[in-house]
Amino acid sequence: MSNSEIKKTDIKMAETPEGYEGNGFFATKLDTVVGLARANSLWPLPFATSCCGIEFMATMASHYDVARFGSERMSFSPRQADMLLVMGTIAKKMAPILRQVYEQMSEPRWVIAVGACASSGGIFDTYSVLQGIDKVIPVDVYVPGCPPRPEQILDGIMKLQDIVKNESVRRRNSPEYKELLASYNIS
Amino acid sequence: METNQVDFFPIVMQLILAAGFVAATIAISNFLGPKRHSVNKDKNFECGIESVGNARIPFSVKYFLVAILFVLFDVEVIFMYPWAINFREMGLEGFLKMGIFMLLLIVGFFYVMKKKGLEWE
């Protein structure tokens, strides 16, 4: 296949980061390369408890196709997941379970709160429902909607990709991050 | 063509490079990747629920004998299918041969019954 033929297909490559280019070499920051690799291979861990989960099923399926963003593989074990997607109402009894799942994810890990319930408790302003998962785990991206459309979930994932791309490789060892985890009582 | 041991040097280099690349990437990613260990994190993953008891307990493998016997007699049945298709062509000779074959297995079957191999309790 010649080069021009490849260009005709709609395969979208990741953009080349800023760097120093010369004849036969390319130099850039380690942060950028690691960020680029991480952002384009975020393996999701779906934590679907209600209707937002149904929307996520559509997001995973062929029409919306989350695989386009490098999230082909759904991970149902936290050990190989990077991105925890919490979709649905989290009851207070569910909170410790969610927390345990988050804690057992391998570093680095990111969290998206999908939908009103996960973000703030939504319409369930009641004694039994956790008023937003950020009460128990740190959240990186909030996706509004009740439930959000698959496009919105994809937008949330793209926002997270931006965060991941710009994250320093040393962030997880920084005192700020340790303080953040300590504020959630996660060691 | 004459070859001597020095000619294999590039292959050795390639092997070292291949093994070295694997070892180096594992080591470097181990070194670069952030890590965190805690009591909760290193627990077995049980879908977030507190695990109860120990997984290392002895349990009966009675089904093992049943499974092996099933495979044995299953194979016998598989042999009977081609025989059934070629029943006319093989004639009396085939019938006798299959008879001997099945007789041997039936003796085995009665042996299993006598040894109480199929009794579950």
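This is a predicted model: local features need pLDDT of at least 70, side-chain atom pairs count only at pLDDT 80 or more; totals for chains, interfaces and linings use all residues.

Reader: Got it. How many residues does each chain put into the contact between A and B?

Author: Chain A gives 15 residues and chain B gives 11. On the chain B side, four are nonpolar, four are polar and three are charged.

Reader: Switching to chain A. How many helices and strands has it got?

Author: Seven helices and six strands. In sequence order the pattern reads α-β-β-α-β-α-β-α-β-α-β-α-α. Chain A has 187 residues, and 31% of them count as buried.

Reader: Which residues have the most contacts inside the largest nonpolar core?

Author: Leu84(A), Leu85(A), Val86(A), Leu98(A), Ile112(A) and Val114(A), in a core of 37 residues. Elements giving two or more residues to this core include β3, β4, β5 and α4 of chain A. As a general point, nonpolar side chains tend to be buried together in soluble globular proteins.

Reader: Zoom in on Leu84(A) for me. What does it touch, leaving out residues up to four places away in sequence?

Author: Leu45(A), Phe47(A), Tyr102(A), Met105(A), Arg109(A) and Val111(A).

Reader: And the strand, β4(A): how many of its residues are buried?

Author: Five of its five. Leu84(A) and Val86(A) point one way, while Met83(A), Leu85(A) and Met87(A) point the other.

Reader: What about β3(A) and β4(A), do they run parallel or antiparallel?

Author: Parallel, with five bridges joining them. One pairing to look for is Ala48(A) with Met87(A), the latter in β4(A).

Reader: Which residues of α4(A) are buried?

Author: Leu98(A), Arg99(A), Gln100(A), Val101(A), Tyr102(A) and Glu103(A) are. Their cover includes β3, β4 and β5 of chain A.

Reader: Back to helix pairs. How do α3(A) and α6(A) pack?

Author: At an angle of about 75 degrees, with their axes 9 Å apart. That makes α3(A) and α6(A) roughly perpendicular. Glu55(A), Phe56(A), Ala58(A) and Thr59(A) of α3(A) meet Pro150(A), Ile153(A) and Leu154(A) of α6(A). Of the residues in that contact, five are nonpolar, one is polar and one is charged.

Reader: Last one: why does Asp31(A) count as partly exposed?

Author: Because Asp31(A) has 16 C-beta neighbours inside 10 Å, and a residue needs 20 or more to be buried, or 12 or fewer to be exposed. Asp31(A) is in helix α2 of chain A, residues 30–39.

Reader: What is Asp31(A) in contact with, leaving aside neighbours within four places in sequence?

Author: Ser168(A) and Val169(A). Asp31(A) and Val169(A) are 138 residues apart in sequence, yet their C-alpha atoms are 5.7 Å apart in space.

Notes:
Residues are numbered from 1 along each chain as its sequence is written. Chains are lettered from A and ligands numbered from 1 in the order in which they are written. Two residues are in contact if their C-beta atoms, placed from the backbone, lie within 7 Å. Ala, Val, Leu, Ile, Met, Phe, Trp, Tyr, Cys and Pro count as nonpolar, Asp, Glu, Lys and Arg as charged, and the others, Gly among them, as polar. A nonpolar core is a set of buried Ala, Val, Leu, Ile, Met, Phe, Trp, Tyr and Cys residues joined through C-beta atoms within 7 Å. Helices (H or I, at least four residues) and strands (E, at least two) are DSSP runs, numbered from the N terminus. Two strands pair if DSSP finds at least two bridges between them. Axes are lines fitted to C-alpha atoms, for helices over the stretch in contact, and angles run from 0 to 180 degrees between N-to-C directions. Angles under 35 degrees count as roughly parallel, over 145 as roughly antiparallel, 65 to 115 as roughly perpendicular and the rest as oblique.
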